[in-house]
Amino acid sequence: MRLLTAGESHGPALVGILDGLPAGLRLSEAEIRRDLARRQFAHGRGGRQRIEKDQARILAGLVRGVTTGAPLALVIENLDYKNWEGLEVPPNRVPRPGHADLAGCLKWGFDDTRFVSERASARETAMRTALGAVCKALLAEAGISCAAQVLQIGTVKAGPADLSDRRRLAAVEASPVRCADRAAAGRMLKAVDRAKAAGETLGGVVQVSAFGVPPGLGSSVQWDRKLDGRIAQALMSIQSVKGVLLGQAEAQAASVGSRSQDAIRWSRGRGYFRPTNRAGGLEGGITNGGVVEARILLKPISTLKKGLPSVDLLSKKAVAASYQRSDTCVVPAAVPVAEAMLAWVLSDALLEKFGGDSVRDLKRALGVFRLRAG
Ligand SMILES: Cc1cc2nc3c(=O)[nH]c(=O)nc-3n(C[C@H](O)[C@H](O)[C@H](O)COP(=O)(O)O)c2cc1C
């Protein structure tokens with residue numbers, strides 16, 4: 001399966017294509033809208049979100065609400081486009097540190113950072129979230145679900161909630177910072193508001209999990225087929241993500257071998273199982289039947305009211321980078337984006353293993369495999 005997006009932050013629309021989606025998957029624009037709203041209205045976001053009403057329209061690949069196996073095409077209109085249409089916007093000659101601005105201008109030979117920033121912008125993650133919602137619908141047919149939560153904003157930390165428990169999941173969803181620990185969530189909210197008042201920004205940590213994943217997805221035989229690497233790449237590609245950890249990676253690095261693995265057990269009722277999940281559901285680049293679990297580390301975003309030190313691309317004189325309406329903390333908004341990227345990688349790996357022409361064939365092959373492998 002291939003996932004592609006196109007579109008600029010202040011262009012007319014974002015466009016997305018999922019190519020290789022099986023036939024027979026029931027989809028609605030409403031279920032895509034739900035994830036788009038979760039991305040849009042998380043705490044810490046800026047003024048742009050008051051303008052947009054993100055709604056994906058399905059343009060192709062669907063007949064009477066069911067996929068046909070043809071490429072699925074989505075479009076999300078940028079309502080902010082109308083505010084910019086026809087305006088003579090002066091070129092931006094001052095690249096912002098922490099953005100693709102300077103590296104992109106050097107790469108493509110531009111002296112206006114907008115030619116780079118308009119596409120590098122995380123506005124693009126709206127389309128990834130929409131396509132991810134489609135992948136989640138496919139995974140649901142295979143009994144797999146993805147969920148994420150915020151574990152840290154700035155220096156405020158919370159322990160992970162068990163998101164296989166519906167009430168804990170609901171608590172995450174009810175929290176404006178997507179954290180089930182109410183006391184910690186309150187401190188996170190305050191930290192974001194304080195940062196905003198001080199003209200600062202904050203980063204943090206999101207944990208993303210997938211439940212019900214069968215063993216055997218991915219492969220150990222070639223480096224680029226290892227699913228741990230594919231998951232890391234997909235999560236790292238999210239704007240402002242600077243680190244990806246699988247399972248208990250940090251604790252493992254500081255521990256000893258005998259306390260870093262997951263013992264293998266077997267019982268008549270459960271088949272193979274592990275009393276712990278330090279590996280995050282992946283061994284040798286293959287899913288092992290456990291919960292797939294990763295954490296992403298996001299830096300504080302780089303557009304600050306007090307412009308960071310930079311240089312004019314033409315005069316080469318030192319100037320402060322300009323400020324344009326920006327978010328304060330995107331960690332809660334990254335929750336549905338991380339779910340989307342994990343859902344995409346798992347969907348791709350699922351179709352690879354079980355075949356992808358129709359949902360019915362996929363489920364049949366998966367059923368046979370589950371009987372054999374538990
Ligand atoms: C949902 C989301 C929204 C973002 N919004 C902003 C923003 O308003 N201002 C900003 O400077 N960066 C924002 N970012 C981060 C930048 O897009 C990102 O730092 C930049 O493109 C450079 O990429 P890199 O940090 O991955 O190297 C956002 C990231 C995400 C995930």
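Q: How many helices and strands does the protein have?
A: The protein has twelve helices and 17 strands. These are DSSP runs numbered from the N terminus, with helices (H or I) of at least four residues and strands (E) of at least two.

Q: And why is it described as compact?
A: Its radius of gyration, taken over C-alpha atoms, is 22 Å, close to the 21 Å that the globule rule gives for 374 residues, so the protein is as compact as a globular protein of that length. The globule rule is 2.2 Å times the number of residues to the power 0.38.

Q: What can I trust, and how are residues numbered?
A: Residues are numbered from 1 along each chain as its sequence is written. Because the model is predicted, local features need pLDDT of at least 70 and side-chain atom pairs count only at pLDDT 80 or more, while totals for chains, interfaces and linings use all residues.

Q: New topic: is strand β15 buried or exposed?
A: Six of the seven residues of β15 (residues 292-298) are buried, so the strand is largely enclosed by the rest of the structure. A residue is buried if 20 or more other C-beta atoms, placed from the backbone, lie within 10 Å of its own.

Q: Which strands pair with β15?
A: Strand β9 (residues 204-211) runs antiparallel to β15 and is joined to it by seven bridges. Strand β10 (residues 241-246) also pairs with β15 in the antiparallel sense, over five bridges. Pairing requires at least two DSSP bridges between the strands.

Q: Which residues face each other there?
A: Ala210 has Val292 in β15 as its bridge partner, and Val241 stands opposite Leu298 in β15.

Key:
Buried ≥ 20, exposed ≤ 12 C-beta atoms within 10 Å, placed from the backbone.
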